[in-house]
Amino acid sequence: MSVRCIAIRIIAAAVLVLSLVGAASAAIRLEKFAEYKSDFYGCKAEIITPRVKGLSLKEEEDAINEELSLYSLEAIKDYGEKALGALKDADASADLSVEVSCSIKADNDKCIAFDICRSDTFGSGSETHRIYTFSKKTGRAITLKDLFNEKVDYIKLISEYLVREMRRRNVKEGKAVYLLADDGVSDGFSAIRHDQNFYIGSNGTIVICFDKYEAATGAMGTPEIEIPRGVIDDRLKEDVE
């Protein structure tokens with residue numbers, strides 16, 4: 001198979017995925033908008049493009065869905081470029097896999113959260129997540145900042161607890177499974193991002209989510225750490241407690 005033929009197959013498949021599926025409903029939900037599949041010469045891809053439906057503001061819904069589309073298209077582009085590079089030799093067999101999947105991370109009386117996961121394997125493996133959390137009360141996306149009173153430095157509050165908890169877990173394990181900047185680890189964890197992945201558990205606690213290698217060794221996968229209510233309760237906005 002020539003490189004040119006491979007390129008044509010990838011481009012054609014990318015065009016064919018643009019078909020809408022799913023029916024309308026009042027509840028916030030995730031639907032499959034498109035799906036891209038490829039399987040040849042050791043190169044595999046299965047990339048879902050989801051759509052969020054049922055938000056209270058159409059402008060917000062459209063913006064999130066555009067972001068989701070671009071995320072999947074980027075994965076398709078990355079896969080195509082890597083596949084073409086790996087298969088320049090027509091007799092070669094690459095070990096390449098790209099997958100974008102989606103699932104419900106949390107669904108309780110307070111919120112629903114969707115997890116968009118991208119997994120790449122090409123020599124080594126990587127896994128990244130985008131978690132979108134929505135309030136069932138307002139029908140809108142919520143960020144960590146939205147949960148706290150305006151004067152609260154929520155990044156510092158959560159980060160300080162996480163560092164303490166990570167250090168406690170390292171002691172319990174007898175080794176450094178969490179990698180901390182304070183311990184002299186290059187690129188070790190020091191603070192959460194303003195757009196850190198999170199969801200709200202059924203008991204109302206905030207659960208902070210990390211990608212593989214973001215705050216821990218690869219053996220830890222994609223760890224999650226729950227923030228106890230006692231750490232945050234008096235700093236939360238009254239309408240989200």
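I count two strands as paired if DSSP finds at least two bridges between them. Helices (H or I, at least four residues) and strands (E, at least two) are DSSP runs, numbered from the N terminus.

**Entry 1: the model**

I am working on a predicted model, in which local features need pLDDT of at least 70 and side-chain atom pairs count only at pLDDT 80 or more, while totals for chains, interfaces and linings use all residues. Residues are numbered from 1 along each chain as its sequence is written, and side-chain values use heavy atoms, with hydrogens and water left out.

I looked up the elements and found five helices and eight strands. Their order from the N terminus is α-β-β-α-β-β-β-α-α-β-β-β-α.

I then looked up burial, with buried as under 20% relative accessible area, exposed as over 50% and partly exposed in between (1.4 Å probe, protein chains only). The protein has 241 residues, and 42% of them count as buried. Accessible areas come from the Shrake-Rupley method with a 1.4 Å probe, and for residues only the protein chains shown count as cover. The protein exposes about 13000 Å², of which carbon and sulfur atoms supply 51%.

For contacts I use heavy atoms within 4.5 Å. Taking contacts between residues at least 6 apart in sequence, I find that 52% join residues at least 24 apart.

I traced an open sheet of five strands, with the order 1-2-3-4-5 and mixed pairing. Strand 1 (29–40) and strand 5 (124–135) are its edge strands, each pairing on one side only. For angles, axes are lines fitted to C-alpha atoms, for helices over the stretch in contact, and values run from 0 to 180 degrees between N-to-C directions. From one strand to the next the twist averages 20°.

At one end of the order, I find strand 1 and strand 2 running antiparallel and joined by eleven bridges. A34 has T49 in strand 2 as its bridge partner. The two strands form a hairpin with two residues between them, and Y41 in the turn has a positive phi of about 50°.

Next I looked at strand 4 (residues 111–122), which pairs with strand 5 in the antiparallel sense over twelve bridges. The bridge partner of F114 in strand 5 is Y132. Helix 2 (residues 58–86) packs on this sheet and touches strand 1, strand 2 (43–53), strand 3 (96–107), strand 4 and strand 5. The direction of helix 2 makes about 175° with that of strand 2.

**Entry 2: rings**

I paired rings of Phe, Tyr and Trp (its six-membered ring) if their centres lie within 6.5 Å; planes under 30 degrees apart count as stacked, over 60 as edge-to-face and the rest as tilted. The whole structure gives four aromatic pairs.

The pair of Y36 and Y79 is edge-to-face, because the ring centres are 6.1 Å apart and the planes are at 70°. This pair links distant parts of the chain, with Y36 in strand 1 and Y79 in helix 2, 43 residues apart. I checked burial here: Y36 and Y79 are buried.

F148 and Y154 form a stacked pair, with 5.9 Å centre to centre and 15° between the planes. These two residues are both buried as well.

I also looked for charges over rings, where NZ of Lys or CZ of Arg must be within 6 Å of the ring centre and within 35 degrees of the ring normal. The charged end of R51 sits over the ring of F33, 3.8 Å from the ring centre.

I found an open sheet of three strands, in the order 6-7-8 with antiparallel pairing. Its edge strands are strand 6 (198–200) and strand 8 (224–227), each pairing on one side only. Neighbouring strands are turned by 25° against each other on average, direction ignored.

Strand 6 pairs with strand 7 (residues 206–209) over three bridges. F198 has I208 as its bridge partner in strand 7, and I200 stands opposite I206. The hairpin of strand 6 and strand 7 has five residues between the strands, and G204 there takes a positive phi near 85°.

Which residues of strand 7 are buried on its two faces? I find I206 and I208 on one side, with V207 and C209 on the other. Helix 4 (residues 154–173) lies across strand 7 and strand 8, running at about 120° to strand 8.
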